[in-house]
Each structure stands twice: as C-alpha cells, then as structure tokens.
Protein chains: 2
Amino acid sequence: MPREIAERCDVIPALGEAFREHGFAGCSLSEITRRTGLGKGSLYHFFPEGKQEMAEAVLDDVANWFETNVFAILRESPDPGHGITKMFEEVDRYFRSGKRICLVGAFALDDTRDRFETRVNEYFTAWTRALADALKRNGFAAREARETAEDIVAGIQGALVLARSQDDPTVFTRVLKRLRERAMAGPDQ
Amino acid sequence: MPREIAERCDVIPALGEAFREHGFAGCSLSEITRRTGLGKGSLYHFFPEGKQEMAEAVLDDVANWFETNVFAILRESPDPGHGITKMFEEVDRYFRSGKRICLVGAFALDDTRDRFETRVNEYFTAWTRALADALKRNGFAAREARETAEDIVAGIQGALVLARSQDDPTVFTRVLKRLRERAMAGPDQ
DNA sequence: GCATAAATGTACCGTAGAGTACACACTAAA
DNA sequence: TTTAGTGTGTACTCTACGGTACATTTATGC
C-alpha cells in the first residue's frame with residue numbers, strides 16, 4: 001500500500017468543503033488537489049470517473065449522515081417530540097449555526113441538479129417524509145404534518161441562503177429557533 | 001449605428017436566464033453568445049468588463065425590478081395589506097410559480113457571492129426591511145414584524161430550492177400560499 | 001526478500017475557457 | 001458624400017481545464 005495512508009473516505013470531507021465553496025462547475029481539479037492534498041494520480045485512482053464521482057461520493061456521504069443522525073431518529077424515536085428536538089439540534093450543528101451551506105440545496109439550483117437528479121430529489125423527499133411522520137406522531141393531522149414539514153425544510157434551506165447572503169449566521173439561528181417552536185407548539189397553533 | 005439594432009438592455013433577460021441555468025462559473029461565454037445571439041464582439045462592446053459586468057447588469061436589473069414592483073409598493077401602499085398581497089402575487093409571477101429560481105439566492109450560496117457581495121446583501125436587506133415595514137403598518141409589533149419578514153423571505157427562497165430539487169413547482173405554490181396566510185392573518189396568530 | 005497490488009507523482013493531451021485585436025458594416029448627422 | 005461613431009464577425013492569444021498514461025514508490029502477506 002502507499003506511503004501516505006490515504007483512504008477514499010478520508011478525502012470526502014475536504015471534497016465536500018471544496019464543492020460547497022465553489023459549486024460543482026466552479027470547483028476545479030487543481031483546487032481539489034490543493035484542498036485534499038492528493039495529486040491527480042491518487043484522485044483518479046479513488047474516483048475513476050473524476051469530478052462526477054467525487055461529487056457523488058460527497059452526496060452519498062451527506063445522505064448517509066442525515067439518514068443516520070436525523071431521518072432515522074425522526075422516524076424511530078419512541079418520543080417524536082424528542083426526535084424533532086434532536087433534528088433541530090443536529091441541523092444546527094451540521095450547518096455550523098449558519099456558517100455552512102447545504103450542498104444538496106446548492107446543487108439543486110442550477111443545472112448541476114441534472115447530474116445528480118435522484119440524489120438531490122431523494123435527500124429532500126426523505127427529509128420531509130421523516131419530519132412529517134414525526135409531526136404526525138406528535139399530534140399533527142396528516143395534512144398539517146405534511147404542510148408543516150414542507151414549511152420547515154424550506155425554511156431551513158431559505159435561512160441558509162439568507163444567512164450567507166447577509167454574511168450573518170445569526171439569521172439562520174433565529175429562523176431555526178422559530179421553526180422549532182412552531183414544530184413543538186403542537187397542531188393547534 | 002449597427003445592422004442589428006441590438007441594445008444593451010435587450011440582452012439582459014437572456015443573460016439572466018443563462019446565469020440562472022448554469023450559475024456564474026458554469027455559464028460559458030459560448031453559452032452566452034448562443035443564448036443572446038450576440039457574438040463576442042458585440043458582447044464586449046456592451047460589457048467591456050466581460051462576464052462580471054454582464055452579471056452585474058443582470059443583478060441590477062433584478063434589483064430594479066423588485067424595487068419597482070415589490071419593495072416600493074410594500075413601503076408606500078396606503079393599505080399595507082394590499083402591498084403584502086401584491087408582493088405575493090408579483091413574487092409568484094416573477095418566479096413563474098416555482099419554475100424559475102432566484103438568481104440572487106443562487107449567487108449567494110457559493111463563492112460567487114464574493115464577486116457581488118453588496119448587490120446580494122442589499123437585495124435581501126431591502127426585501128426584508130420593506131416587508132417588515134408593511135407588516136408593522138398592518139398591525140404587527142416591531143419585533144414580530146421583523147421576525148415574520150425574515151421567515152417569509154427565507155421561506156420563499158427555501159421553497160424555490162425545494163421546488164427545483166423535487167422538479168415540482170407546486171411545492172413553491174403551496175409554501176407561498178401558507179406564508180401569505182401567515183402574513184395576512186395578523187399579529188396574534 | 002519477494003511478489004503483488006494499492007497508491008502516487010509527473011508529464012502529457014486535446015479542448016474549451018475568457019478575453020483581445022481589428023477590420024468591416026452600417027447609420028445618421030454634417 | 002463624406003465622416004464619425006456604433007455595432008458586429010472573425011481570427012487570434014494564452015491559459016487553465018478535465019482527464020490519461022505510465023513509471024515509480026510503498027506496504028503487506030507470503
């Protein structure tokens with residue numbers, strides 16, 4: 001095996017941050033080599049399909065993280081209120097209280113979406129479904145639960161846009177807090 | 001003057017759609033010549049600073065449109081409720097009921113933001129300020145008005161992300177409807 | 001130690017990128 | 001009818017891009 005004990009999964013966080021910062025189109029291979037510390041040789045060894053495969057790996061990693069740390073808990077926690085609270089905590093942590101953007105959301109906006117269609121689609125579908133499920137088990141009617149879940153996921157994404165546009169992460173924190181209150185207030189608020 | 005009576009302002013809509021579709025980094029000059037029907041000669045005649053200046057012109061055009069059709073009405077309409085209703089109508093129209101993304105929001109997410117920092121910042125500042133003002137005049141307390149305005153602008157942006165990620169414009173329509181109801185319900189809801 | 005396979009660095013390829021130079025076309029006013 | 005200025009097309013530069021080829025290095029199981 002090699003000198004630098006690099007493994008494929010080791011570089012995925014760095015890849016993610018590179019794509020976050022520059023977008024898919026704007027993220028050049030030279031930037032990627034810089035950020036990961038890996039030369040083209042290693043990169044194409046781990047990701048034979050190049051940039052496309054790198055981004056797919058990052059998206060899969062993101063999906064996996066959310067599935068484990070957010071969606072599964074929303075779905076399976078015996079106390080749905082606890083699952084919802086946990087979701088807001090984890091989301092706040094993941095997006096660094098508004099200092100980090102959502103890669104999937106960013107990819108969704110331009111034609112990058114077409115390259116990763118199913119992944120982008122499934123990420124948001126899974127999120128809204130899992131949240132709606134938890135809200136329903138927490139007392140919301142089916143329809144209200146679906147609507148509220150949609151509002152909350154949209155609100156989180158929009159808060160990230162707003163926070164970054166203003167270069168003010170506190171916007172995210174504020175919006176997130178109010179979304180949480182709405183989710184926990186119960187169906188009749 | 002020239003054979004084709006093209007004017008600078010004529011190409012701005014086409015430029016906007018090109019940037020929307022590909023993002024700033026992903027939008028090549030050859031794509032721009034294709035979409036506008038103008039050769040490099042004409043483009044650099046109208047926009048000597050190149051792509052940067054083209055995008056600035058588009059952002060200025062967007063800002064101008066919103067100032068005229070949304071912000072001014074929010075601020076100046078004698079009936080603030082009418083201003084708010086009008087905002088939701090115009091926003092729905094502008095974003096083609098969810099089939100079109102927000103260019104400013106898209107630029108905000110990656111490092112494109114840095115190129116257009118003040119423009120991006122001011123767009124959202126102006127929007128939230130004007131909306132908060134209308135909400136306040138419509139009966140919301142100052143603090144509630146500010147918070148609700150933030151939630152609504154974020155909600156709109158997030159709804160655009162969600163709609164495009166799902167390739168389902170109706171998500172946007174649904175979220176927008178609920179945001180409008182919240183805005184019009186009054187401060188005690 | 002030696003074979004094997006996993007990593008790695010370097011040099012290279014063709015292409016497409018943004019931007020420039022400039023001659024030409026056209027129009028309108030003098 | 002000249003002239004001046006505004007568009008426009010073409011050809012060009014130079015750079016950076018994504019990707020490939022391949023020889024070389026390294027670690028480990030044998």
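Copies are superposed here by least squares on the C-alpha atoms of residues with pLDDT of at least 70 in both. This is a predicted model, in which local features need pLDDT of at least 70 and side-chain atom pairs count only at pLDDT 80 or more, while totals for chains, interfaces and linings use all residues. Residues are numbered from 1 along each chain as its sequence is written, chains are lettered from A in the order in which they are written, and side-chain values use heavy atoms, with hydrogens and water left out.

Begin with both chains: a rotation of 180° with 0.0 Å of shift along its axis places chain B on chain A with an RMSD of 0.0 Å, and the two copies are thus related as by a two-fold rotation axis. Next select B:Gly158, whose C-alpha, at 1.9 Å, comes closest to that axis among the residues of chain B.

Now show the contact (heavy atoms within 4.5 Å), which takes 38 residues from chain B and 38 residues from chain A. The buried area, meaning the accessible area (1.4 Å probe) that two parts lose on being put together, summed over both, is about 3,400 Å², and carbon and sulfur atoms give 55% of this.

Between the two chains the count is nine salt bridges.

Technical notes
Salt bridge = Lys/Arg side-chain N within 4 Å of Asp/Glu carboxyl O.
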